[in-house]
Every structure is written in C-alpha cells, then in structure tokens.
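Please find below a colleague's note on the model under review.

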Amino acid sequence: MPGVSTSTEPELAADGMPRGQAVLDALVDLLDLEQLEVNLFRGVSPPQSPTRVFGGQVAAQALVAAGRTVPDDREVHSLHAYFIRPGDPRVPIVYEAERVRDGRSFTTRRVLAIQHGEAIFSLSASFQLPQDGLEHSTPAPADVPGPLTLPDLGQRVADGRGAGWMSRIPRPLDMRFVDEPVWSDDRVGASEEPNRVWMRADGRLPDDRLLHVCLLTYASDLTLLGSVLARHDRSEQPVQMASLDHAMWFHRPFRADDWLLYTTFSPAASGSRGLATGRFTTEDGTLIATTVQEGLVRVPRN
C-alpha cells in the first residue's frame, strides 16, 4: 500500500485540533500493516486512542490484511465482521489471514485479530474479478445541501455547537453534518428521518483501490450506530453503546477523497441491541456502498 508525502506540521481546525493532509497520512500509515510472516500481519493504534480500539480501525486493518493475500486484479465486494472483545490500544494487534478459497472469479479470506492471546475481532471478505452484468440503483437522496455549504467539525466546535467524542482526537476525515448529530445539545427529541453527513478523506490519497475501500470501512463506523439513538429522545437517559457486528457491500468504484454522502437509519431496536443501516452516495447521487451494523445499546441500571 503506497504512502503519500507527509507534512511536518499538521493543519489546525478552527477549534485547534489537528486536521488535513498530515493527519490523513498518519491514518494511511496506520493501515500499512507490518508483515510478520506469510498470512500474518501486525498493526498498532494511534497514540490519541480512547480506552478501547476504535472499531472502524480494526475493521480497516483486518481488511488490509485480507487484501495483502489477494491478487491485485480482484477487488473487495463485501465484508462481514464480528466485534468479539474490546481492543487494547496500548499493545499491537496481530492479524492472521486464512486463504479460504481462490476461485476463477471470486476469492474468499478470513481474518482473525488477536491481542493478549485472544480473538478480539473476526472478518470474512470476498474479492471478485471485475465483470459486466445487470445494473440498477436506488434514486439519489433529494434536497440535500452541498458539503461546502455546511460547517466542518472544527467550525462547529468554534461556534459552540460541539463535536462529541470526535472533538478530542485528530481528524483525518472532513465531516459536514446535514442533520444535527445525536451528540449535539441542539438536537431535540426523537426523529423518524435518516441522519446524513458528508465526508471525505481530508487530503489526497494515492491511487490504491484497496486503500480507498479500507478508508471507507474506517469511516463507516463513525456515525452508523448513532442512528439508533436518533430514533429516541437522548434527554431521557444515557446509554452504553458498542458495535457487535458490521457488514459492507461495495457496488461501484469510488475515491474516498471525494465527497460522499452517508445516509444512516435504524429500522429496529430491541433486547439492548439496535440495528443500523447506511448508504454511501457520490455527489451526483450514485450509490457506491451499503452498510449494516448491529450494536449494543444498553440502558444502564441505576
């Protein structure tokens, strides 16, 4: 996975947090796993990590490990993953890839992420040779303001509107919320409408198709589970949240450093679990990826 040129000093957002090309390059470096042996890789977490490894990070790194064992002419078309244990950001993660099948059109890989001798995450991914066939797509989202008409996270914080937990970490992605995010004090009551946010890598990426897919996998976990909370009034009581499983389907080629609209919605929640769905579309309305995730959404006892 080729790297990109790094800046010596990161750009600062309006609230003083690092952003821009240097921060994006650090994420690209994070996804450039060290190969320990055939089918065995090692990754690390950034020094600014919270108390557990961010789920999008371990999913993206596991997909990198899978992709490193697949011929370059085959591209990811789907992944299915389970979050088994919380990851420890203080120690490296070992990724063990299993070459399940190499067919004429499809290649299947399984990856197990291991820390302290125990599995923390498992992933199955399928790769395919490019092929022609039937094509259709859902209509493009209507009446969505353009990304450059909306404030970025740094501007939101500088204006006193907050950025939740993302206000405490560097930002490799430029994110512009169309709808008031669930962690905002300005959001009032429950909503039956989907949540929408524009996002793109905050800089330029090399022409590596696997890297762009892995960046989108990373980004897909940032706001998806929040759509469960959007169906409820957050003022009622706090909740404990964690990703349980995650699935993605990649429909068409894309660049993660172009603007993509992420539309998320939760169709159901029960048994302390919430289901969230998401769609990534380009600025011209082309659907390029679909996500589904179930997460723990538990109301703590007094």
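The points below proceed from the overall fold to individual residues.

1. Basis of the note. This is a predicted model, in which local features need pLDDT of at least 70 and side-chain atom pairs count only at pLDDT 80 or more, while totals for chains, interfaces and linings use all residues. Residues are numbered from 1 along each chain as its sequence is written, and side-chain values use heavy atoms, with hydrogens and water left out.

2. Secondary structure. The protein chain contains five helices and 14 strands; these are DSSP runs (helices: H or I, at least four residues; strands: E, at least two), numbered from the N terminus. Of the contacts between residues at least 6 apart in sequence, 71% join residues at least 24 apart, a contact being heavy atoms within 4.5 Å.

3. Burial and surface. Of the 302 residues in the protein chain, 49% are buried. Here buried means under 20% relative accessible area, exposed means over 50%, and partly exposed lies in between (1.4 Å probe, protein chains only). The chain exposes about 14800 Å², with carbon and sulfur atoms supplying 50% of that area. Accessible areas come from the Shrake-Rupley method with a 1.4 Å probe, and for residues only the protein chains shown count as cover.

4. Nonpolar cores. A nonpolar core is a set of buried Ala, Val, Leu, Ile, Met, Phe, Trp, Tyr and Cys residues joined through side-chain atoms within 4.5 Å. The largest such core has 67 residues, of which Tyr95 and Phe121 touch the most other members. Helix α4 (residues 209-223) gives the most to this core, with nine residues. Another core lies apart from it and has five residues, among them Leu150, Val178, Trp198 and Leu261.

5. Surroundings of Phe121. When neighbours within four places in sequence are set aside, the contacts of Phe121 include Val58, Ala59 and Ala62, as well as Ala81, Tyr82, Phe83 and Ile84. Val111, Leu112 and Ala113 are also in contact with Phe121.

6. Helix α2. How many of the 13 residues of α2 are buried? The count is 13 of the 13, so α2 is largely enclosed by the rest of the structure. At 1.5 Å a residue, helix α2 (residues 55-67) should span 18 Å, and its end C-alpha atoms are 18 Å apart, which agrees. The expected span is 1.5 Å times one less than the number of residues in the helix.

7. Nonpolar surface patch. Tyr82, Ile84 and Leu112 form a nonpolar patch on the surface, with about 280 Å² of accessible area together. Patches are made of residues with over 30% relative accessible area and no salt bridge; like charges are joined within 9 Å, and nonpolar side chains (Val, Leu, Ile, Met, Phe, Trp, Tyr) within 5 Å. Ile84 lies in the loop between β5 (75-83) and β6 (93-102) and is partly exposed, with a relative accessible area of 42%.

8. Arg209 is partly exposed at 42% relative accessible area, and Glu75 is partly exposed at 28%. Glu118 and Arg85 form another salt bridge (3.5 Å, N to O). This pair links strand β8 (residues 118-128), which holds Glu118, to the loop between β5 and β6, which holds Arg85, across 33 residues.

9. A salt-bridge network. Asp207 forms a salt bridge with Arg255, the closest N and O atoms being 2.6 Å apart. Asp207 lies in the loop between β10 (195-201) and α4, and Arg255 in the loop between β11 (240-250) and β12 (260-270), so the pair ties together parts that are 48 residues apart in sequence. Salt bridges that share partners join Arg204, Asp207, Arg255, Asp257 and Asp258 into one network. Asp207 is exposed at 71% relative accessible area, whereas Arg255 is partly exposed at 23%.

10. Backbone points to inspect. Most residues other than glycine have a negative phi. Asn39, in the loop between β3 (34-37) and β4 (40-43), has a positive phi of about 70° although it is not a glycine. His116, in the loop between β7 (106-115) and β8, likewise has a positive phi, of about 50°. Is each of these residues buried or exposed? Asn39 counts as buried at 19% relative accessibility, whereas His116 counts as exposed at 61%.

Technical notes: Salt bridge = Lys/Arg side-chain N within 4 Å of Asp/Glu carboxyl O.
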